[in-house]
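Here is a predicted model to reason through.

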Amino acid sequence: MRRIIIGISGASGSAYGYMALQALRAIGGVETHLVLSDAARRTIGLEMETSPDEFEALADVVHRDDDLAAAISSGSFITDGMIVVPCSMKSASAICYSLNGNLLVRAADVCLKEKRKLVLVVRETPLHLGHLRTLTQLAETGAVILPPIPAMYAQPQSVDDIVAHTVGKALDQFGIPNELFKRWRTPG
């Protein structure tokens with residue numbers, strides 16, 4: 001069975017994390033390890049009618065963000081990698097500079113040091129030069145920067161369609177087959 005860590009930070013866009021958990025549960029064959037930052041718990045309450053407990057119910061294993069002794073904090077615990085969805089610039093900066101003060105950042109740092117896939121669904125706009133430099137450094141270190149930018153060719157009909165596109169693209173990075181979004185086809 002595959003094993004993927006889902007980190008949810010306090011950036012706006014909790015729906016992306018929720019849909020990622022829903023999609024992985026529906027697809028099956030992937031053990032999910034969830035870390036919700038304290039800020040994510042607050043943001044979920046502000047953005048959604050879904051509680052943090054409902055996010056946790058979708059995961060196979062839930063880790064407290066303050067538990068730096070959790071299995072996912074060690075490179076000897078094998079995973080396919082991690083998706084931070086959404087990823088705040090605060091979390092991106094902490095990951096970039098290995099400021100491992102919480103489990104979300106530590107688990108991401110482990111993915112980078114072990115050369116495992118790390119997908120950051122960075123949610124911030126506009127980006128200033130400091131943000132861009134941080135994202136560049138993360139990309140140079142091996143992270144995949146995957147901002148939640150909708151593809152209009154898919155002609156989204158709802159917010160869920162837009163969210164599903166980004167989640168599908170994130171799962172594509174792990175080679176996880178999904179039909180969450182309309183894929184480009186040659187016109188005609």
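Q: Which residue in E2 does Gly 7 stand opposite?
A: Gly 7 stands opposite Val 35 in E2.

Q: How do you know that strand E1 and strand E2 pair?
A: Two strands pair if DSSP finds at least two bridges between them. Strand E1 (residues 2–8) and strand E2 (residues 30–36) run parallel and are joined by seven bridges, so by the requirement of at least two bridges they count as paired.

Q: What makes strand E3 and strand E6 the edge strands?
A: The open sheet has six strands in the order E3-E2-E1-E4-E5-E6, with parallel pairing. Strand E3 (61–63) and strand E6 (144–145) are its edge strands, since each pairs on one side only.

Q: Where does H4 lie, and at what angle to E4 does it run?
A: H4 lies across strand E4 (81–87) and strand E5 (117–122), and its direction makes about 145 degrees with that of E4.

Q: Which residues of the lining are closest to the centre of the largest pocket?
A: The largest pocket holds about 210 Å³ of space. Its lining has 14 residues, and the closest to the centre are Ser 37, Ala 39, Lys 90, Ser 91 and Asn 102.

Q: Which helix gives the most to the lining of the largest pocket?
A: Helix H2 (38–47), helix H4 (89–96) and helix H5 (103–113) each supply at least two residues of this lining, and H4 gives the most, with three residues.

Q: How many residues of the lining of the largest pocket are nonpolar, polar and charged?
A: The lining divides into five nonpolar, six polar and three charged residues.

How values were computed:
Residues are numbered from 1 along each chain as its sequence is written. This is a predicted model: local features need pLDDT of at least 70, side-chain atom pairs count only at pLDDT 80 or more; totals for chains, interfaces and linings use all residues. Side-chain values use heavy atoms; hydrogens and water are left out. On a 1 Å grid over the protein atoms alone, a cavity is a set of points where a 1.4 Å probe fits but cannot get out, and a pocket is an open set with protein on both sides within 12 Å along at least five of seven lines; lining residues have an atom within 4 Å of a point. Grid points are joined across faces, edges and corners, and a volume is the space filled by probe spheres set on the points. Helices (H or I, at least four residues) and strands (E, at least two) are DSSP runs, numbered from the N terminus. Ala, Val, Leu, Ile, Met, Phe, Trp, Tyr, Cys and Pro count as nonpolar, Asp, Glu, Lys and Arg as charged, and the others, Gly among them, as polar. Contact means heavy atoms within 4.5 Å. Axes are lines fitted to C-alpha atoms, for helices over the stretch in contact, and angles run from 0 to 180 degrees between N-to-C directions.
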